Amino acid sequence: MGLEPVLAKELTQLGANNVQIGRRMVSFTGDKELMYRANFQLHTAIRILKPIKHFKASSANDVYEQVKQIDWTQYLTLEQTFAVDSVVFSDEFRHSKFVSYKVKDAIADQFRERTGKRPNISVANPDIRLNMHIAEDKCTLSLDSSGESLHRRGYRQESVEAPLNEVLAAGMILLTGWNGDTDFIDPMCGSGTLLIEAALIAHNMAPGLFRKEYAFEKWADFDRELFDDIYNDDSQEREFNHHIYGYDIDIKAVNTARLNVRAAGLTKDITVEEADFKNFVQPKHKSIMVTNPPYGERISTPDLMGTYKMIGERLKHQFVDNDAWVLSYKEECFEQIGLKPSIKIPLYNGSLECEFRKYQIFGGKLKVFRAEGGTVKTEEEKRQMAEKHRFKKEREFKKRIEEQEENEEADIRSFKFHTLERKSADSTRNSKLRMTAKRDGHEHFDRSGGKKFNKPGRDFNKKNKRFRDEND
């Protein structure tokens with residue numbers, strides 16, 4: 001949520017027709033090639049759904065009957081497995097899993113009545129993925145052409161606690177308008193997601209380069225030659241003549257970021273070093289800074305307010321004549337930065353309603369800066385600011401600040417506790433299992449000094465530019 005206009009712009013540039021923005025979605029029309037390209041090239045899409053039927057239903061039985069009317073032999077064979085995901089916003093349909101069961105029953109019953117057999121369900125790795133969306137009585141059944149979420153690019157080898165979603169990272173960068181025309185800096189880079197997404201945008205490289213597969217590759221009408229042409233077409237890629245720098249105080253995060261950068265084949269463009277933001281000094285070249293500091297939610301820090309105060313001090317004194325963008329969750333944190341933002345953009349980081357703020361850093365006083373012709377807010381930024389809502393006044397964090405103040409004066413009998421949810425380690429373990437494709441015993445191939453993964457059965461030798469010899 002918050003990136004719909006960015007995705008709409010991406011789709012328009014890709015050549016999509018009838019692009020329309022909705023709530024947490026963008027609809028468009030196009031041919032098979034555009035569907036392949038949307039999966040392969042879009043930076044800010046989570047998945048691409050192809051609707052196969054729209055209908056109205058007032059009960060679960062209505063859903064069953066409507067789904068059963070579809071000729072499922074067009075999309076599924078007895079040898080293939082399938083799965084159904086449902087998203088429901090309705091008073092009538094209160095349980096999405098129940099809706100999924102009714103869709104599965106309708107498909108299975110149709111096959112059983114026609115052939116005496118039924119296809120199998122596979123939750124983990126189905127051949128065909130279906131998506132049912134219900135808003136009150138309006139239902140849309142779609143084929144999921146993506147499969148695994150598109151934010152899972154494939155380059156992430158390891159992760160740190162509370163990693164930034166790749167789609168959100170790409171959207172943040174695209175919101176800044178940066179396209180590789182200056183250096184790029186993330187002083188709190190974590191596992192390096194912003195760095196890698198910035199390099200992909202700077203080079204205009206498709207984020208799908210590292211993925212093993214897409215769901216549409218198992219469809220009956222899959223055109224392998226068309227998709228291979230799209231996959232191997234690097235005509236739109238461009239040179240990047242600046243550099244990307246990442247820093248983190250945690251050496252484990254630094255090593256993780258370096259590993260991910262190497263996996264993406266981007267070591268020539270990205271440098272990652274261990275450094276504390278409090279020691280940050282003015283960069284030699286024109287730069288943009290985009291960063292996602294801790295919020296005190298999933299990642300705790302001993303002195304959260306002091307951290308944000310330090311960020312403001314470093315920006316004011318050591319980032320003059322450059323722009324900095326900060327994503328955070330709490331108004332109290334932004335207040336500690338002590339700088340006037342030129343724009344505030346609401347964005348969701350998971351379930352957290354955050355803001356993405358731009359700080360134009362200039363030397364001296366604001367009056368002098370303006371007198372010399374400087375502009376803090378452009379007319380476009382003023383227009384956007386007028387459209388954006390402000391932070392909610394009552395936030396969980398503000399309540400906790402008040403609780404802390406009360407606790408300082410209280411004893412254990414009246415102490416108020418706050419529990420933080422810890423991120424499961426499952427995602428870290430799973431991230432190590434994603435890319436295992438090998439060719440001739442080699443796990444990776446060098447591209448611009450790094451790693452690139454090969455999907456089994458895909459011909460990478462169509463373009464000599466990609467892989468020149470066995471060492472590559």
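The questions below go from the whole chain to single residues, and the model they concern is predicted.

Student: How many helices and strands does the protein chain have?
Tutor: The count rests on DSSP runs, where a helix needs at least four residues and a strand at least two. On that basis the secondary structure comes to 14 helices and 13 strands.

Student: What percentage of the 472 residues is buried?
Tutor: A residue is buried when its relative accessible area is under 20%. The chain as a whole exposes about 24,100 Å², with carbon and sulfur atoms supplying 47% of that area. Of the 472 residues, the buried share is 49%.

Student: Which elements do the buried residues of helix 1 pack against?
Tutor: Helix 1 covers residues 4-14, and its buried residues are E4, V6, L7, A8, E10 and L11. After the helix comes G15, with a positive phi near 105 degrees. The packing partners of the buried residues are strand 1 (17-22), strand 2 (25-29), helix 2 (32-41) and helix 5 (166-176).

Student: Is A324 buried or exposed?
Tutor: A324 lies in strand 11, residues 322-328. Leaving aside neighbours within four places in sequence, A324 is in contact with M289, L315, F319, R357, K358 and Y359. Because its relative accessible area is 0%, A324 counts as buried.

Student: How far apart in space are A324 and T291?
Tutor: In sequence, 33 residues separate A324 and T291. The distance in space, taken from C-alpha to C-alpha, is 8.1 Å.

Student: How many salt bridges are there?
Tutor: Side chains of opposite charge can pair when their charged atoms come close. The cut-off here is a side-chain nitrogen of Lys or Arg within 4 Å of a carboxyl oxygen of Asp or Glu. By this rule the number of salt bridges is 15.

Student: Which residue forms a salt bridge with D221?
Tutor: The closest N and O atoms of the pair are 3.8 Å apart. D221 is in the loop between helix 6 (193-203) and helix 7, while its partner is in helix 2, 189 residues away. D221 is partly exposed because its relative accessibility is 37%. At 31% relative accessibility the partner is also partly exposed, and that partner is K32.

Student: Are R156 and E166 buried or exposed?
Tutor: R156 and E166 form a salt bridge, with 3.0 Å between the closest N and O atoms. R156 is in the loop between strand 6 (138-144) and helix 5, and E166 is in helix 5, 10 residues apart. Both residues are buried.

Student: Which residues are linked with E331 in a network of salt bridges?
Tutor: R357 is among the residues in contact with A324. In the salt-bridge network, E331 is linked with E355 and R357.

Key: Residues are numbered from 1 along each chain as its sequence is written. This is a predicted model: local features need pLDDT of at least 70, side-chain atom pairs count only at pLDDT 80 or more; totals for chains, interfaces and linings use all residues. Side-chain values use heavy atoms; hydrogens and water are left out. Buried means under 20% relative accessible area, exposed over 50%, partly exposed in between (1.4 Å probe, protein chains only). Contact means heavy atoms within 4.5 Å. Accessible areas come from the Shrake-Rupley method with a 1.4 Å probe; for residues, only the protein chains shown count as cover.
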